[in-house]
Amino acid sequence: MISPRTTIIAASCLAISMAASVLVQRHNDQLRPGAALDDVLYISSPTMVKRASLGFDGLMACIYWTRAVQYFGYRHHYRELSYNELAPLLEITTALDPHLLPAYQFGANFLAPKPPWGAGQPDRAIRLMNYGIAHNSDNWQLYYNLGFVYYTELKDYKKASEVFGRGAEVPNAHPFMRVLAAQMAQHAGEYETARRLWSFTYHSSRQTNIRENALEHLRSIQVDEDVTNLQDAVTRFGRRTGRLPASMSELAAAEHLPGIPVDPDGHPYIMSPEGRILVHSPGDFSFITKGTPPGYKPSAPKFHIKD
Amino acid sequence: MNARIAYIASNTFREAVRDRVLYNLIAFALLISGAAILVGQISIDIERLVVVNLGLTAVSLFGVVIAIFIGIGLVSKEIEKRTLYTVLSRPVRRWEFIIGKFFGLAGTLVVNTFFMAIGVFGALLYVTHRFSAPDALIFVALYFIILEFLIICSLALLFSSFSSPLLSAVFAFSLFVIGSFADDLRGFAGLTHGLTRWIATTAAYLVPNFSTLNVINAVAHQQPPSVQLVLQNTLYALFYTAMALSGAVLIFERRNLK
């Protein structure tokens, strides 16, 4: 015969002890921030992991891929400055499943860029892409990813052109690849080329990190291009009048612009007394190379979500 | 199949159901539905891949565990409960008993796999919203998984025919692990010379090759296995199962049950 009293006491003990253990665990997590995700790699050898998966390497690859994304997302969220485990995680993922294409795209976007934007390991990014191409030679997007690394991080236009050219030869390759190969070879229209590359990356991926990173680059490219054009306008104005424009309004009127030009956030560009074009809030554009005041140091990176 | 084998097989199936073996389907249903809901949020771009890989891996592992843990007790439990003597005192031959037990366990696993397959397809539909032609390849992977179960059932019965349940479980599970490395074993054998090579190659061919029956990842990537592979795997599983069952019959026929 089951006593209702015993049942109530046991059920209460169960609920209380469960709640208490969760509470203590949460306090522990606060004492050791990042403990759960810091040492994510217990086995660093892709071969060992493959062996240990007992033939279920497809599922294991999915698990490692999820870990790689979580690892990057977690560290990026907490503004960590290193991503030392990202390369091994992606290498294990692709060793387990060489056909897991999103892992290569992720590697192209986040292995090569310098910290805090990535792991700062372009050599490993290139190795990963070459591994992907060796196992998926009929996939033109991997050539795109490789060329992307050569172009965006290493500024090796010759190599980028060669890789885009090879990718263009793959059956069913996007016609854009041939255009990219030509543009790289000429090293022309840099803003336009960069914009097209990042736009393509933005539209071809569903991964939040990749899309946010591409969007941030697109915003910064827009600012760089605007600042360059406005600075040229200031130079033209000076040549024409022999003085600097008194204000942005005067510059806009002289260039027949409909109003004072604004950055992607809607803030008007500023002109310093020395005629230098500046961005209202440079910290909002992580990749800008122009429009910053002298001695400006970039703040911690942040992504913008597209509305 | 003769009537006596069919009768033993149906009783084995009924016993497994009575032992609540099919309760594993509840765990499977929870796993696969939880995965289907979570996967859309954490596995961007590879939702289908995760559902197919996780679903088929779970079908395979659940089945292997059931095959081993039921298979190892099929003979020894009958001896322990002394029900075997009642069966064998009737006009039932020992080999019929073994074959009947095998079909009963295989039937249980096929029914179990059928329900789990419904779960996998349900989760897939939830994640992808509609089926596409390459999803039919999942049936090939499920077929190979059933072939794998046949081999494991026969091995569990083989060990059960001469060993204790605990040792049978250890042997069967070890062979499952070793069989998953079958391709590597052949590779290692190729690196040796002389007599060692001969012994290593023989050992490599004697253990079941489960890696050839595992096409889960290829199917998840919508890569169809060749018709030749389907035929050869079918023949391989049938021959290997026949080999293990023959061994079980030979041992059980000579076993002193007094």
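Trainee: How far apart are the centres of domain 1 and domain 2 of chain A?
Mentor: They sit 33 Å apart, taken over C-alpha atoms. Domain 1 covers 40–136 and domain 2 covers 189–307, with bounds that come from an automatic or database domain assignment. One caution: this is a predicted model, where local features need pLDDT of at least 70 and side-chain atom pairs count only at pLDDT 80 or more, while totals for chains, interfaces and linings use all residues. Residues are numbered from 1 along each chain as its sequence is written, and chains are lettered from A and ligands numbered from 1 in the order in which they are written.

Trainee: How many residues does each domain of chain A put into the contact between them?
Mentor: Ten from domain 1 and seven from domain 2. Two residues are in contact if their C-beta atoms, placed from the backbone, lie within 7 Å.

Trainee: Which helix gives the most on the domain 1 side?
Mentor: H6 of chain A, with four residues. Helices here are DSSP runs of H or I with at least four residues, strands are E runs of at least two, and both are numbered from the N terminus.

Trainee: Okay, switching to chain B. What is the secondary structure of chain B?
Mentor: Chain B has twelve helices and zero strands. Chain A, for its part, has 13 helices and two strands.

Trainee: What about the radius of gyration of chain B against a compact globule?
Mentor: With 258 residues, a compact globule would come out near 18 Å, and chain B has 20 Å, which agrees. That radius is taken over C-alpha atoms, and the globule rule is 2.2 Å times the number of residues to the power 0.38.

Trainee: And chain A, what radius of gyration does that have?
Mentor: Chain A has 26 Å, but a compact globule of 307 residues would be near 19 Å. The C-alpha atoms of chain A fill a box of roughly 100 × 50 × 30 Å along the principal axes.
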